[in-house]
Amino acid sequence: MKLVIPNKKYKESFLSAIKGYKKLKNKSTQDKEYAEMFGMSDKEFDNYIQTIKDEANGINLKPGYSSSITYWLIDNEEYIGTIRLRPNITKKQAENFGHVGYDVRPNKRKMGYGTNMLELLFKKAEKLGLKQICISCYTDNIPSKKNNR
Ligand SMILES: CC(C)(COP(=O)(O)OP(=O)(O)OC[C@H]1O[C@@H](n2cnc3c(N)ncnc32)[C@H](O)[C@@H]1OP(=O)(O)O)[C@@H](O)C(=O)NCCC(=O)NCCS
């Protein structure tokens, strides 16, 4: 199991995960946000990958936004989930929305991947010199609360 920078090698697997998001019934608040974030990534995959690269390099950021590094969790050469690290946010921003955003594709949840993905991300964050990570979640997000214990 590994975290990789998003790339075309996992395109088909990623696109099938996005379909899963679209089909998901009873989406949580966070699921709706993530579904929206993936937006047109299926129709404009190459642009999506470029945007992710730009965000990591601090290019074309929306006003008030800071750089955000996106990784994909891959297991057995299959796309499992996405995790984003915002290493340069202020303390206040960290308290408001946290350093990390992550999601596991709907058909791979409750299998331990969320926990594994966070553990791998912590190692990356440590290498980047981050000593503390803030993760925030909605109070009704039970799986995320458990992940963040
Ligand atoms: C939050 C999320 C990433 C968890 O991923 P996951 O792979 O299912 O998590 P894990 O399998 O590692 O499970 C972690 C814990 O949550 C529990 N859990 C997972 N889904 C659950 C659910 N729907 N209801 C209750 N508990 C749940 C697991 O049993 C496990 O508990 P344990 O450690 O006591 O055994 C996933 O549900 C998701 O993608 N949600 C939508 C996006 C989101 O909310 N992201 C978090 C932003 S802060």
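**The sheet**

Four strands make an open sheet in the order β1-β2-β3-β4, and the pairing is antiparallel. Strands here are DSSP runs of E of at least two residues, helices are runs of H or I of at least four, and both are numbered from the N terminus. Two strands count as paired if DSSP finds at least two bridges between them.

Before going on, note that this is a predicted model: local features need pLDDT of at least 70, side-chain atom pairs count only at pLDDT 80 or more, and totals for chains, interfaces and linings use all residues. Residues are numbered from 1 along each chain as its sequence is written.

The edge strands are β1 (2–4) and β4, each of which pairs on one side only. On average, neighbouring strands are turned by 25° against each other, with direction ignored. Angles run from 0 to 180 degrees between N-to-C directions, and axes are lines fitted to C-alpha atoms, for helices over the stretch in contact.

β1 is joined to β2 (residues 69–75) by three bridges, and the two run antiparallel. Val4 has Trp72 as its bridge partner in β2. Between β2 and β3 there are seven bridges, also in the antiparallel sense. There, Tyr71 stands opposite Ile83 in β3. β2 and β3 form a hairpin with two residues between them, and Asn76 in the turn has a positive phi of about 50°.

**Two helices**

Now α1 (residues 11–23) and α2, which pack at an angle of about 135° with their axes 10 Å apart. The contact is made by Ile18, Tyr21 and Lys22 of α1 and by Tyr34, Ala35 and Phe38 of α2. Contact means that C-beta atoms, placed from the backbone, lie within 7 Å. Of these residues, five are nonpolar, none polar and one charged. Nonpolar means Ala, Val, Leu, Ile, Met, Phe, Trp, Tyr, Cys and Pro; charged means Asp, Glu, Lys and Arg; the others, Gly among them, are polar.

Conventions: Contact = placed C-beta atoms within 7 Å.
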